[in-house]
Amino acid sequence: MYIPAAFAEPDLSRLHDFIEQYGFGVLVSQNDGLPFASHLPFLLERAAGPHGTLVGHVARANPQWRQAAGQAALAIFSGPHAYVSPTWYEAEQVVPTWNYTAVHAYGRVEVVEDRGALLGIVRETVRVYERAMPRPWSFDPSSAFVGRLLGQIVGFRIEVEAVEGKFKLSQNHPAERRKKVVRALRERGDENAQAVAAMMQAMLPAEG
């Protein structure tokens, strides 16, 4: 990913936070010599390996897993994004742009077909994504229904070999211009604009 120095986010803890917050990502690998992508929920095991390990599962009918084993793959996580109008800067010689946040993680795919390990992946996925629900859903791991479902999926683990973050939030502009963008985004009111405004505000230099 092209990352100008002003937009680079090197802090591993912040990158891990981002992956967990925006865990529905894209897994990209090669299939028959062409890029192949699946949109999936990921889990992150922060302490597994120097950069953490990504865990998930795909449908057994999905052809991606059959060629992905041992292959270098890319997992893409996208955060909030918003259009930025040059009129907001109230300055000359400025152009439209798009503010956005993204994290890319790279590693080799390990396919998981063992039933016990698959059950563990499913159980943890349900726990993580159901925990915010008023009445979290649960399942009986010994049921025939779950047994059939496990036969229809394949798990994977990707020990992250490299991870990079791009938080493009107008850091290449003076603080006063960035404050004007924050105000304009807040006035737009949509969820993405509000989230970008909050991230930009958090990155503004502290006022003495």
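Helices here are DSSP runs of H or I with at least four residues, strands are DSSP runs of E with at least two, and both are numbered from the N terminus. With that settled, I will go through the structure. This is a predicted model, in which local features need pLDDT of at least 70, side-chain atom pairs count only at pLDDT 80 or more, and totals for chains, interfaces and linings use all residues. Residues are numbered from 1 along each chain as its sequence is written, and side-chain values use heavy atoms, with hydrogens and water left out.

First, the overall layout. The protein has six helices and eight strands. Read from the N terminus, the order of elements is β-α-β-β-β-β-α-β-β-α-α-β-α-α. Along the principal axes, the C-alpha atoms fill a box of roughly 65 × 45 × 30 Å. Of the 208 residues, 41% are buried, where buried means under 20% relative accessible area, exposed means over 50%, and partly exposed is in between, with a 1.4 Å probe and protein chains only. A contact means heavy atoms within 4.5 Å. Among contacts with a separation of 6 or more, 74% are between residues 24 or more positions apart.

Now the strands. Two strands pair if DSSP finds at least two bridges between them. Strands E2 (24–31) and E3 (34–41) run antiparallel and are joined by eight bridges. In this pair, Ser29 has Phe36 in E3 as its bridge partner. E2 and E3 form a hairpin with two residues between them. E2 also runs antiparallel to E6, with three bridges, and here Val26 stands opposite Ile76 in E6. E6 in turn is joined to E7 by 11 bridges, again antiparallel, and Phe77 stands opposite Val103 in E7. Finally, 13 bridges join E7 to E8, also antiparallel, with Glu110 opposite Arg157 in E8.

Two residues have backbone angles to point out. Most residues other than glycine have a negative phi. Asp32 is not a glycine, yet its phi is positive, about 55°. Asp32 sits in the loop between E2 and E3. Ser170 likewise has a positive phi, near 65°, and lies in the loop between E8 and H5. Which of these positions is buried and which is exposed? Asp32 is exposed, with a relative accessible area of 63%, whereas Ser170 is buried, at 3% relative accessibility.

Next, the interior. In soluble globular proteins, nonpolar side chains tend to be buried together. A nonpolar core, as used here, is a set of buried Ala, Val, Leu, Ile, Met, Phe, Trp, Tyr and Cys residues joined through side-chain atoms within 4.5 Å. The largest such core has 36 residues, and those with the most contacts inside it are Phe42, Leu54, Phe77, Phe156 and Leu185. Elements that each supply at least two residues of this core include H1, E5 (53–59), E6 (72–84), H5 (175–188) and H6 (191–203). Apart from it lies another core of eight residues, among them Val122, Val126, Phe139 and Leu150.

Last, the empty space. Rolling a probe the size of a water molecule over the atoms shows where empty space is left. On a 1 Å grid over the protein atoms alone, a cavity is a set of points where a 1.4 Å probe fits but cannot get out, a pocket is an open set with protein on both sides within 12 Å along at least five of seven lines, and lining residues have an atom within 4 Å of a point. Grid points are joined across faces, edges and corners, and a volume is the space filled by probe spheres set on the points.

The largest pocket holds about 180 Å³ of space. Its lining includes Ile19, Phe42, Glu124 and Arg131. Helix H1 (12–21), strand E4 (43–45) and helix H3 (115–130) each give two or more residues to that lining, and the largest share, four residues, comes from H3. For residue classes, Ala, Val, Leu, Ile, Met, Phe, Trp, Tyr, Cys and Pro count as nonpolar, Asp, Glu, Lys and Arg as charged, and the others, Gly among them, as polar. The pocket lining has six nonpolar, no polar and five charged residues.

There is one cavity of 30 Å³ or more, and the largest cavity holds about 60 Å³. Trp65, Val109 and Phe156 are among the residues that line the largest cavity. The lining of the largest cavity has eight nonpolar, two polar and no charged residues.
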